[in-house]
Amino acid sequence: MRMPEKLNSKMLAPCGVNCIACSAYLNKKNPCPGCRASNEEHKRKSCQNCAKKNCAFEQGLEWCFECGQFPCSRIKNLNKRYTKDYNIDLVQNGLDAREDMELFMWEQRKRFTCRYCGGIIDQHRKKCSECGNEPK
């Protein structure tokens, strides 16, 4: 199976969320440009005002895991919701990405590529954004 090229570290949000597999990014009517896009490109105020993203960027960091205080309370709070609702551990994402970004992104591609059609698995809706199948 060919894995989507666009699942890459440039689309990994500072907090560890994979923007390519995000419902907002996959929205066909009003897609989000990803967390690294400029505020002018964002239509969602929540993205423009994201405290985690802004904190990392204000410190000159690409990712939160580069910070000496990782995981801070902001990441821990978001992680509680992502772990419970989506089975995605953002703290572990950060630790894995910090250890080996190439391996981490390979795992992300494997996790979020639909085995039926090669589309992207929406991490929030837990189904392929192209064919609608759920991962097994």
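Me: Buried means under 20% relative accessible area, exposed over 50% and partly exposed in between, with a 1.4 Å probe and protein chains only. By that rule, is Cys114 buried or exposed?

Reply: This is a predicted model, where local features need pLDDT of at least 70, side-chain atom pairs count only at pLDDT 80 or more, and totals for chains, interfaces and linings use all residues. Residues are numbered from 1 along each chain as its sequence is written, and side-chain values use heavy atoms, leaving out hydrogens and water. Since Cys114 comes out at 2% relative accessibility, the word for it is buried.

Me: How many disulfides does the count come to?

Reply: A disulfide is a pair of cysteine sulfur atoms within 2.5 Å. Under that rule, the count is 0.

Me: Let's look at Cys50, then. Which cysteine has the sulfur nearest to that of Cys50?

Reply: Cys50 has a relative accessibility of 17%, so Cys50 counts as buried. Cys50 takes part in no disulfide. Its nearest cysteine sulfur is 6.0 Å away and belongs to Cys35.

Me: And back to Cys114: how far away is the nearest cysteine sulfur?

Reply: Cys114 is in no disulfide either. The sulfur to look for is that of Cys131, and its distance is 3.6 Å.

Me: Now the rings. How many aromatic pairs are there?

Reply: Rings of Phe, Tyr and Trp (its six-membered ring) pair if their centres lie within 6.5 Å; planes under 30 degrees apart are stacked, over 60 edge-to-face, the rest tilted. Going by this, the number of aromatic pairs is 2.

Me: Are Trp63 and Phe65 stacked or edge-to-face?

Reply: Their ring centres sit 5.5 Å apart. Trp63 has 9% relative accessibility and so counts as buried, and Phe65, at 9%, counts as buried too. Because the planes of Trp63 and Phe65 lie at 10°, the pair is stacked.

Me: What about Tyr82 and Tyr86: stacked or edge-to-face?

Reply: Tyr82 and Tyr86 have centres 4.9 Å apart, with 65° between the planes. The pair is therefore edge-to-face by the rule for rings.

Me: Which helix holds Tyr82 and Tyr86?

Reply: Helices here are DSSP runs (H or I, at least four residues), numbered from the N terminus. Tyr82 is buried, and Tyr86 is as well. Because Tyr82 and Tyr86 are 4 residues apart, about one helical turn separates them, and the helix they sit in is H4.

Me: Is Trp106 buried or partly exposed?

Reply: Trp106 belongs to helix H6, which covers residues 101-112. With 39% relative accessibility, Trp106 counts as partly exposed.

Terms used:
Helices (H or I, at least four residues) and strands (E, at least two) are DSSP runs, numbered from the N terminus.
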